[in-house]
Amino acid sequence: MELTFTIVKLAGASFGLSIHDKRPGETGCKVNTVDPQKLAGAGGITIDDVLLSTNGVEIQSEVQLFKILRETRTGEAIVFSVRRDAPTEKSELILFGVEAA
């Protein structure tokens with residue numbers, strides 16, 4: 001199942017995830033760890049999800065993903081296209097980050 005997650009970047013908020021770099025012949029990068037207290041986990045991204053693209057750019061590596069996240073301005077939306085093998089009730093989730101105190 002392919003899902004779309006839209007997360008708005010706010011100042012001081014962390015995404016809290018790591019991924020495996022894309023291997024030859026694979027599509028997307030598998031999520032290795034997710035902190036449920038950070039934006040990605042709170043937004044519904046889970047371990048073993050496969051990140052296909054971010055803002056329409058195919059994800060090849062963790063370095064590339066974090067470059068995209070760093071370059072995204074505070075207040076801008078980041079759209080993750082994700083493949084998930086497990087069934088889920090939601091196909092789209094919009095999450096607004098919480099600014100760190």
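This is a predicted model: local features need pLDDT of at least 70, side-chain atom pairs count only at pLDDT 80 or more; totals for chains, interfaces and linings use all residues.

Biologist: Which residue stands opposite Ile-7 in β6?

Modeller: That is Ile-78, which stands opposite Ile-7.

Biologist: And what is the bridge partner of Thr-4 in β6?

Modeller: Thr-4, which is found in strand β1, has Ser-81 as its bridge partner in β6.

Biologist: Is Thr-4 buried, exposed or partly exposed?

Modeller: Thr-4 is partly exposed, because its relative accessible area of 29% falls between the limits of 20% and 50%. The strand around it is largely enclosed by the rest of the structure, since five of the seven residues of β1 are buried.

Biologist: Let me stay with Ser-81, then. Where does Ser-81 lie, and is it buried or exposed?

Modeller: Ser-81 lies in strand β6, which covers residues 77-83, and it counts as buried because its relative accessible area is 11%, under the 20% limit.

Biologist: What is Ser-81 in contact with, leaving aside its neighbours within four places in sequence?

Modeller: With those neighbours left aside, Ser-81 is in contact with Glu-2 and Leu-3, and also with Val-50, Leu-51, Leu-52 and Ser-53. Ser-53 is also joined to Ser-81 as its bridge partner in β6.

Biologist: How many bridges join β4 to β6?

Modeller: Four bridges join strand β4, residues 50-54, to β6, and these two strands run antiparallel.

Biologist: How far apart are Thr-4 and Leu-51?

Modeller: Their C-alpha atoms are 10.0 Å apart in space, while the two residues are 47 residues apart in sequence.

Biologist: Let's zoom out. How many helices and strands are there in the protein chain, and what pattern do they follow?

Modeller: The protein chain has two helices and seven strands, and read along the sequence they follow the pattern β-β-β-α-β-β-α-β-β. Among contacts between residues at least 6 apart in sequence, 65% join residues at least 24 apart.

Biologist: Now the nonpolar core. Which residues touch the most other members of the largest one?

Modeller: The largest nonpolar core has 21 residues, and those touching the most other members are Phe-15, Leu-17, Ile-19, Val-31, Leu-51, Leu-65 and Phe-80. The elements that give two or more residues to this core are the strands β1, β2, β3 and β6 together with the helices α1 and α2.

Biologist: What does Phe-15 touch, again leaving aside neighbours within four places in sequence?

Modeller: Its contacts include Ile-7 and Lys-9, a run of residues from Lys-38 through Leu-39 and Ala-40 to Gly-41, and then Leu-69, Ile-78 and Phe-80.

Biologist: Switching to charges, how many salt bridges are there?

Modeller: The count comes to four salt bridges. In one of them Arg-84 pairs with Asp-49, with the closest N and O atoms 2.7 Å apart. This pair links distant parts of the chain, because Arg-84 sits in the loop between β6 and β7 whereas Asp-49 sits in the loop between α1 and β4, 35 residues apart.

Biologist: Are Arg-84 and Asp-49 buried or exposed?

Modeller: Arg-84 counts as buried at 10% relative accessibility, and Asp-49 is buried too, with a relative accessible area of 1%.

Biologist: What about Lys-30 and Asp-48?

Modeller: Their side chains meet in a salt bridge at 3.8 Å, N to O. Lys-30 is in strand β3 and Asp-48 in the loop between α1 and β4, 18 residues apart. Lys-30 is partly exposed at 39% relative accessible area, and Asp-48 is partly exposed at 46%.

Biologist: And where do Lys-67 and Glu-71 lie?

Modeller: Both lie in helix α2, four residues apart, about one turn of the helix, and their salt bridge has its closest N and O atoms 2.8 Å apart. Lys-67 is partly exposed, with a relative accessible area of 42%, whereas Glu-71 is exposed because its value of 53% is over the 50% limit.

Note on methods:
Residues are numbered from 1 along each chain as its sequence is written. Side-chain values use heavy atoms; hydrogens and water are left out. Contact means heavy atoms within 4.5 Å. Buried means under 20% relative accessible area, exposed over 50%, partly exposed in between (1.4 Å probe, protein chains only). A nonpolar core is a set of buried Ala, Val, Leu, Ile, Met, Phe, Trp, Tyr and Cys residues joined through side-chain atoms within 4.5 Å. Two strands pair if DSSP finds at least two bridges between them.
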